[in-house]
Amino acid sequence: AQKVTQAQTEISVVEKEDVTLDCVYETRDTTYYLFWYKQPPSGELVFLIRRNSFDEQNEISGRYSWNFQKSTSSFNFTITASQVVDSAVYFCALISGNEKLTFGTGTRLTIIP
Amino acid sequence: GAGVSQTPSNKVTEKGKYVELRCDPISGHTALYWYRQSLGQGPEFLIYFQGTGAADDSGLPNDRFFAVRPEGSVSTLKIQRTERGDSAVYLCASSPLGRTDTQYFGPGTRLTVL
């Protein structure tokens with residue numbers, strides 16, 4: 001079985017602040033894939049990143065960065081210099097073995113202008 | 001190129017009626033998935049097609065739910081004898097090859113059963 005935990009239900013920050021969204025995962029498989037998706041108020045899930053279990057390098061894409069740490073089973077997502085357009089629900093997801101893609105319950109991020 | 005499209009965007013029906021939800025995946029994607037998302041929750045897996053066949057239908061909640069993909073492209077999710085508990089957003093996704101590829105999602109169909 002696999003599991004994804006996003007303990008932060010809601011986060012609010014003032015525009016231009018940095019914010020980190022936490023994701024902790026559980027799997028018995030050594031090969032697995034982690035994802036982050038953004039769901040803005042329009043409702044469509046937007047793909048942000050895919051990371052396999054053998055690549056622990058942190059990734060940066062513009063204002064977005066991801067910290068993958070196998071030792072703590074975490075795949076955290078940081079937004080630097082947040083903007084109002086970053087307001088959305090963010091989902092972390094995991095697939096491993098013969099399982100299906102499993103999502104966390106999401107973190108609702110509100111950026112206050 | 002075009003993304004995943006779903007029709008209708010909204011569907012309101014009465015308890016006991018039959019509904020069909022359509023998904024048109026990204027061209028060339030062999031894998032197609034259906035998910036259901038309830039308010040405040042993450043998407044929950046329903047069924048996965050590889051080509052024309054259902055490779056994994058373990059997420060379908062009961063035998064009122066059925067999905068087809070007869071030509072390996074467009075898929076239809078069919079719900080018989082709808083119940084109020086079926087109200088949710090139904091999401092479709094596609095990926096180039098298999099389950100571990102990135103899945104690209106459509107805008108969803110919001111189903112309301114009165």
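## The largest pocket

A pocket is an open set of points on a 1 Å grid over the protein atoms alone, where a 1.4 Å probe fits and protein lies on both sides within 12 Å along at least five of seven lines. In this predicted model, the largest pocket has a volume of about 700 Å³, a volume being the space filled by probe spheres set on the points, which are joined across faces, edges and corners. The pocket has 31 lining residues, and the closest to its centre are A:Gln39, A:Arg108, B:Gln37, B:Leu39 and B:Gly40; a lining residue has an atom within 4 Å of a point.

Two or more lining residues come from each of β10 (88-96) and β12 (107-112) of chain A, and from each of β9 (88-95) and β11 (109-113) of chain B. Strands here are DSSP runs of E with at least two residues, numbered from the N terminus. By class, the lining comprises 11 nonpolar, 17 polar and three charged residues. Ala, Val, Leu, Ile, Met, Phe, Trp, Tyr, Cys and Pro count as nonpolar, Asp, Glu, Lys and Arg as charged, and the others, Gly among them, as polar.

## Basis of the model

Residues are numbered from 1 along each chain as its sequence is written, while chains are lettered from A and ligands numbered from 1 in the order in which they are written. Local features of this predicted model need pLDDT of at least 70, side-chain atom pairs count only at pLDDT 80 or more, and totals for chains, interfaces and linings use all residues; side-chain values use heavy atoms, leaving out hydrogens and water.

A:Phe75 belongs to strand β9 (residues 74-79) of chain A and is buried, at a relative accessible area of 0%. Buried denotes under 20% relative accessible area, exposed over 50%, and partly exposed the range in between (1.4 Å probe, protein chains only).

Apart from neighbours within four places in sequence, the contacts of A:Phe75 (heavy atoms within 4.5 Å) include A:Leu34, A:Trp36, A:Ile49, A:Arg51 and A:Trp66. A:Cys23 is also one of these contacts; 52 residues separate A:Cys23 from A:Phe75 in sequence, but their C-alpha atoms are 5.3 Å apart.

## Backbone exceptions

Most residues other than glycine have a negative phi, and most peptide bonds are trans. A:Ser73, in the loop between β8 (64-69) and β9 of chain A, has a positive phi of about 50° although it is not a glycine; A:Ser73 is partly exposed, at 24% relative accessible area. B:Arg81 likewise is not a glycine and has a positive phi, of about 45°. B:Arg81 lies in the loop between β8 (75-79) and β9 of chain B and is partly exposed at 46% relative accessibility.

B:Thr7 and B:Pro8 are joined by a cis peptide bond with omega about -10°. B:Pro8 is placed in the loop between β1 (5-7) and β2 (10-13) of chain B.

## Strand pairing in chain B

Four strands of chain B form an open sheet in the order β1-β3-β8-β7, with antiparallel pairing. The edge strands, β1 and β7 (65-68), each pair on one side only, and the twist averages 15° from one strand to the next. Pairing requires at least two bridges found by DSSP. β7(B) and β8(B) are antiparallel over four bridges, and B:Phe66 stands opposite B:Lys78 in β8(B).

Strands β5 (residues 44-50) and β6 (residues 53-56) of chain B pair in the antiparallel sense over three bridges. B:Tyr48 has B:Asp56 in β6(B) as its bridge partner. The hairpin of β5(B) and β6(B) has two residues between the strands, and B:Gly51 takes a positive phi near 70° there.

Definitions and conventions
Axes are lines fitted to C-alpha atoms, for helices over the stretch in contact, and angles run from 0 to 180 degrees between N-to-C directions.
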